[in-house]
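Student: I have a two-chain model open and would like to learn how to read its interface. Could you walk me through it?

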Amino acid sequence: MPDESKPERPVAPLPSSRPEGVSPPPAKPKPAPKAPPAAPTAPPDPPPPEDVNEPAFLTGFRATHGTSIEMVSYWVGDWTVIVSLSSLVDVANYLRDAPDAAFDYCSDVTATDWPPRSQRFDVIYCLYSTQHRHRVRIKVRAAADEPVPSVTGVWPAANWLEREVYDMFGVNFTGHPDRRRLLMPDEWQGHPQRKDYPLEGPGEFLMENPQDWLRLRNLRDETEIE
Amino acid sequence: MGNRDTSAMKIETPSPMFDTSEMVLNMGPQHPSTHGVLRIVLRLDGERVIDADVVVGYLHRGIEKLCENRDWTQIILLTDRMDYVAAASSNLGYCETVEKLMSVEVPRRARYVRTILGELQRIASHCLWLGTHAMDIGAMTVFLYAFRERELILDLFEEYSGARLTYNSMRIGGLPLDIPPGWDKKVREFCDIMDSKLGEYETLLTHNRIWLERTKDIGVIDGPEAIALGLCGPTLRGSGVPRDVRKDEPYAAYDEFDFDVPIGTRGDTYDRYLVRLEEFRQSLRIIRQAVDGLPDGPIVGKVPRLIKPPAGETYHAIESPKGEIGFFIVSDGRSTNPYRFRVRPPSFCNLQGLRRLVRGHLVADVVALIGSIDIVLGEVDR
């Protein structure tokens with residue numbers, strides 16, 4: 001056993017071994033506490049590489065809504081377009097109706113939470129075209145209380161999906177026909193999928209500061225890796 | 001059937017001549033025909049449904065939150081618990097999403113076995129659907145027949161993975177185990193048995209007068225409306241939309257097999273029944289091709305011991321027996337668990353359409369319609 005030959009802690013010398021009158025050596029200064037690792041940040045949303053051809057609908061989309069597009073990104077075969085929050089419904093209508101886009105099927109609406117960021121929520125719309133059989137993801141960024149316009153009028157499928165995002169994240173959808181909680185009870189406090197909502201414990205307990213959650217998470221990550 | 005009263009399709013306001021009032025009827029969450037804990041608050045005019053409020057969440061376990069606090073490998077086990085009658089499909093969807101995120105290539109043999117498992121799972125899930133759907137409407141015998149065949153599939157899964165419902169049958173990059181010796185022969189035998197039994201189901205139902213009366217023209221929805229409502233899987237195909245993830249965005253080994261995507265014409269409960277019945281045959285066709293052409297080789301691709309996908313996000317969908325099951329996963333690139341784990345559950349999106357489907361029908365048809373969209377509450381609520 002290699003552990004036995006190498007004790008984990010240095011053994012303190014016995015008091016008798018120290019000559020009388022000699023002061024003990026000064027204690028080593030404690031190492032400065034490690035700075036907590038930086039909070040996880042949103043994925044980099046890499047721009048498309050040169051050798052990837054843009055899908056046809058994106059050219060028309062750029063031409064008509066160039067000012068609304070903040071960024072176009074390509075990652076493992078998925079196209080993501082980040083658009084400004086104010087133009088969301090416009091963009092949604094265009095993508096559904098434009099003949100070369102024809103995104104008539106709203107697969108999924110979801111959100112991600114990045115607490116340290118000022119616009120902490122990414123709201124993500126996964127779209128599919130049953131006609132052209134292509135996909136795109138639309139992403140908008142919203143602050144905690146910032147109203148996000150509902151796209152239920154464009155895709156009725158978004159109704160429950162937005163209700164779930166409201167329930168789980170507290171994203172403030174406006175213009176939604178039926179904005180109630182979906183999975184959690186109506187009188188529930190807090191929004192469980194937020195990153196500062198604890199995994200265990202009574203639901204009413206909420207950490208007041210998102211940084212507390214980050215500290216806990218980083219501590220746990222470090223112990224896991226060791 | 002031709003002289004069926006179609007005025008049932010329209011929403012009628014109560015005549016002011018009579019002193020009628022709406023009645024609110026609560027159905028569920030403990031109701032034998034809601035297939036779990038589903039609650040529907042029906043607003044009735046006599047026996048006709050005016051509106052319905054579908055209440056879900058009774059089985060919410062926070063699986064998405066749990067997955068964000070588990071290892072990438074541990075999550076496979078949790079995906080079993082979502083659609084617990086089609087666990088292998090959820091396994092497959094999750095593993096493929098992580099493989100896409102890590103750009104891992106899966107060996108051909110593993111992709112073939114995955115396809116076989118996925119299609120066996122589809123048959124098992126459809127057997128359960130057929131049995132319970134028919135029993136809701138009153139045909140008890142079909143239930144016993146369908147469960148008899150489902151048992152054979154569960155035996156096959158038990159031999160492969162050791163479990164009968166929650167298989168944990170896939171790993172990121174491939175499979176945990178190769179198929180046991182002689183298993184492929186048993187699968188082929190099962191295909192022959194199943195082929196002969198499908199005729200029995202059809203004899204009992206397809207031309208049965210009661211079955212036709214209860215399912216024809218019930219819950220009619222046309223293609224564009226079904227797309228807008230986000231319906232998926234056989235429920236969408238029953239409305240004549242040829243949308244199948246296996247064909248449109250092939251995954252596993254589906255691009256190597258011949259199969260057809262059955263679609264309906266009228267979009268009623270009967271068409272959805274016919275579509276699923278035909279899917280039995282197409283699944284058997286795929287399984288036979290896969291077993292015959294099963295290649296040799298490794299069953300796991302090159303995957304690091306510590307799974308840590310690079311920072312990024314992706315959405316990947318596969319065709320589960322219920323419809324398009326999608327996984328949206330975000331990795332922050334430095335921890336051993338996903339930063340965000342989201343499932344797009346097909347049952348959830350189909351259940352959303354129930355409110356539209358039940359309007360104008362009788363209370364007894366609500367039961368037929370819940371059966372016809374084929375939901376599993378474990379997946380709706382997660």
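Tutor: Gladly! Between chain A and chain B there are 31 residue pairs in polar contact, both at pLDDT 80 or more. A polar contact is a pair of N or O atoms within 3.5 Å; within protein, one must be able to donate a hydrogen and the other to accept it, and residues adjacent in sequence count only if both atoms are side-chain atoms. This is a predicted model: local features need pLDDT of at least 70, side-chain atom pairs count only at pLDDT 80 or more, and totals for chains, interfaces and linings use all residues. Residues are numbered from 1 along each chain as its sequence is written, chains are lettered from A in the order in which they are written, and side-chain values use heavy atoms, without hydrogens and water.

Student: How many salt bridges are counted between chain A and chain B?

Tutor: A salt bridge puts a side-chain nitrogen of Lys or Arg within 4 Å of a carboxyl oxygen of Asp or Glu. The count here is eleven. A:Arg133 pairs with B:Asp248 in this way, their closest N and O atoms 3.3 Å apart.

Student: What area do chain A and chain B bury between them?

Tutor: The size of an interface is often given as the accessible area lost when the parts come together. Buried area is that loss (1.4 Å probe), summed over both parts. Chain A and chain B bury about 4500 Å², with 51% of it on carbon and sulfur atoms. In chain A, A:Tyr105, A:Trp160 and A:Leu183 lose the most area to chain B, together 16% of what that side buries.

Student: How many residues take part in the contact?

Tutor: With contact meaning heavy atoms within 4.5 Å, chain A gives 58 residues and chain B gives 52.

Terms used
Buried area = accessible area lost by both parts, 1.4 Å probe.
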